[in-house]
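This briefing goes through the structure shown below, topic by topic.

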Amino acid sequence: MSQPLQILYDEHRSIAAVLDALAHLLREAARGKAVDPKVFRQILYYLDVVPERYHHPKEDEFLFAPLRRRTHEADDLVARLEHQHRMGLESMAHLEQSMARWDAGGDAERAAFLAAATTFVDRYRQHMQLEEDELMPLAQRALTAEDWAAAEAQFALHHDPLKGAEESAELFRRILYLAPPPIGLGDPLPD
Ligand SMILES: [Fe+2]
Ligand SMILES: [Fe+2]
């Protein structure tokens, strides 16, 4: 596997771990267990920064665009994935609005947030699956050494997207702490 593809694949693993943590918390909340809304806010922040603002633009520019230039075989698939990236921004906005409503409106707004977040997790998992099953193998075949070198050079300039963000050093660790075993402990965080 080319190095840029491996990086994108590794980012999927990190995002998947956070989605697993979120899904676990949503199940707990649906069962009536009290979950601190602050934890959901932290996960939403991660999903906004890492997949939406960091991972998707890299895919758009260094996988989808060169794939379009090298072959028409992937045109429909790329169009579908680009559409999902655009829809992802809308879903994030919807999720953040649901979270704000829960904050302001309390229990009456809780179920709507849980439903929106559950839909988000399902759709995002399907999106990554489609990229891994269909797009990445096609890219591995169709992109040239020149395409990969351009991606590698740009990826080397990218730094930790959470660097400098409030609580960033702790954010990913804290989210994963909440995930069910074997990823995390599935326990409330210690203060
Ligand atoms: Fe994507
Ligand atoms: Fe992706």
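The protein chain has six helices and zero strands. Read from the N terminus, the elements run α-α-α-α-α-α. The model is predicted, with a mean pLDDT of 88 for the protein chain.

**Confidence**
- In the protein chain, 88% of the residues reach a pLDDT of 70 or more.
- Among the elements, helix α4 has the highest mean pLDDT, at 96.
- The lowest mean pLDDT among the elements, 68, belongs to helix α6, residues 168-177.
- Where pLDDT is low, the predicted coordinates should not be read in detail.

**Burial and contacts across the chain**
- The protein chain has 191 residues, and 22% of them count as buried.
- Among contacts with a separation of 6 or more, 74% are made by residues 24 or more positions apart.

**Nonpolar cores**
- The largest nonpolar core holds 18 residues, and the members that touch the most other members are V18, A21, L22, I43 and Y46.
- At least two residues of this core come from each of α1, α2 (37-70), α3 (75-105) and α4 (110-142).
- Helix α1 supplies the largest share of this core, six residues.
- Another core, of eleven residues, lies apart from it and includes F62, L67, L135 and L143.
- Leaving out residues up to four places away in sequence, I43 touches V18, A21, L22 and I175.

**Helix α4**
- With 33 residues at 1.5 Å a residue, α4 should span 48 Å; its end C-alpha atoms are 46 Å apart, so the two values agree.
- Helix α4 bends by about 40° at E132.
- The buried residues in α4 are F113, A117, F120, Y124, H127, E131, L135 and A139.
- Among the elements that cover the buried residues of α4 are α1, α2 and α3.

**Helix α2**
- Helix α2 has 34 residues and should span 50 Å at 1.5 Å a residue; its end C-alpha atoms are 46 Å apart, which agrees.
- In α2 there is a kink of about 35° at H55.
- This kink lies shortly before the proline P57.

- M1 is found in the segment before α1, which covers residues 3-30.
- M1 counts as exposed because 11 other C-beta atoms lie within 10 Å, and the exposed class takes residues with 12 or fewer.
- M1 touches Q6 and Q140, not counting residues up to four places away in sequence.
- M1 and Q140 are 139 residues apart along the chain, yet their C-alpha atoms are separated by 7.0 Å.

**Helix α3: R86**
- R86 lies in helix α3.
- R86 has 11 C-beta neighbours inside 10 Å and therefore counts as exposed.
- R86 and H56 are 30 residues apart in sequence, and their C-alpha atoms are 9.5 Å apart in space.

**Helix α5: A156**
- A156 lies in helix α5, residues 145-157.
- A156 is exposed, because 11 other C-beta atoms lie within 10 Å of its own.
- A156 and P4 are 152 residues apart in sequence, and 9.4 Å separates their C-alpha atoms in space.

Terms used
Residues numbered from 1 in each chain as written. Chains lettered and ligands numbered in written order. Predicted model: local features only at pLDDT ≥ 70, side-chain atom pairs only at ≥ 80, totals over all residues. Helix = DSSP H or I, 4+ residues; strand = E, 2+ residues; numbered from the N terminus. Buried ≥ 20, exposed ≤ 12 C-beta atoms within 10 Å, placed from the backbone. Contact = placed C-beta atoms within 7 Å. Core = buried A, V, L, I, M, F, W, Y, C linked by C-beta atoms within 7 Å. pLDDT = per-residue confidence, 0-100. Expected span 1.5 Å × (residues − 1). Bend = angle between axes of the 7 residues up to and from the residue.
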